[in-house]
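Subject: Handing over a structure

Hello,

Here is the structure I promised to pass on to you. Have a look at it first, and then read on for what turned up.

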Amino acid sequence: GIFGQQSAHSKVGKTCQFATWNVRSLVNSCGPIETASVRGERHSIPEDRQIDVVVGKLRRLSIEVAGIQETRWFGREMYSVGDAIVLSSGRPVPLSGESCSRGEGVAVGLRGRVLRAWRAGGGQWRAIL
């Protein structure tokens with residue numbers, strides 16, 4: 001489940017929910033190499049993506065910022081998932097013939113007011129590693 005759920009109050013009295021979640025893996029069974037264990041079409045999207053389950057849970061709990069650990073995704077990407085943006089950073093995408101061993105990977109999920117503020121500020125990010 002979601003590990004560390006916190007609330008923060010702004011000066012206008014609204015609450016913003018923050019959380020962290022060690023998901024153990026968000027790797028799908030098929031799809032693009034960045035997010036799936038079996039390489040599929042670059043633009044194919046599995047119907048039951050693991051990240052959709054996570055974003056659905058964040059929505060139900062009204063969480064606007066989530067630190068997500070152990071995604072096991074490759075690359076540094078920004079994904080639009082339902083009403084959220086997921087910024088991910090993982091190992092570099094392996095070249096043909098290289099090991100596809102998956103290890104760590106992290107992501108930040110943004111929703112609601114936090115996502116709107118991020119977009120209003122230019123919506124820029126850069127993964128560091």
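Some background before the details. This is a predicted model, in which local features need pLDDT of at least 70 and side-chain atom pairs count only at pLDDT 80 or more, while totals for chains, interfaces and linings use all residues. Residues are numbered from 1 along each chain as its sequence is written, and side-chain values use heavy atoms, with hydrogens and water left out.

Now the chain as a whole. Of its 129 residues, 40% count as buried (buried is under 20% relative accessible area, exposed over 50%, partly exposed in between, with a 1.4 Å probe and protein chains only). Taking contacts (heavy atoms within 4.5 Å) between residues at least 6 apart in sequence, 58% join residues at least 24 apart.

Next, the interior. A nonpolar core here is a set of buried Ala, Val, Leu, Ile, Met, Phe, Trp, Tyr and Cys residues joined through side-chain atoms within 4.5 Å. The largest one has 17 residues, and Leu26, Ile51, Val54, Ile68 and Val86 touch the most other members. Two or more residues each come from strand S2 (15-22), helix H1 (50-60), strand S5 (63-69), strand S6 (76-81) and strand S7 (84-89). H1 supplies the largest share, four residues. If you leave aside neighbours within four places in sequence, Val54 is in contact with Trp21, Val23, Leu26 and Ile68. There is also a second, separate core of six residues, including Ile85, Leu87, Leu115 and Trp118.

How many aromatic pairs does a search of the whole structure find? The search finds one, counting rings of Phe, Tyr and Trp (its six-membered ring) whose centres lie within 6.5 Å, with planes under 30 degrees apart called stacked, over 60 edge-to-face and the rest tilted. The ring centres of Trp73 and Tyr79 are 5.1 Å apart and their planes meet at 65°, so this pair is edge-to-face. Trp73 is buried at 2% relative accessibility, and Tyr79 is buried too, at 18%.

Finally, the cysteines. The structure holds zero disulfides (a disulfide being a pair of cysteine sulfur atoms within 2.5 Å). Cys16 is buried, with a relative accessible area of 12%, whereas Cys100 is partly exposed at 42%.

Best wishes
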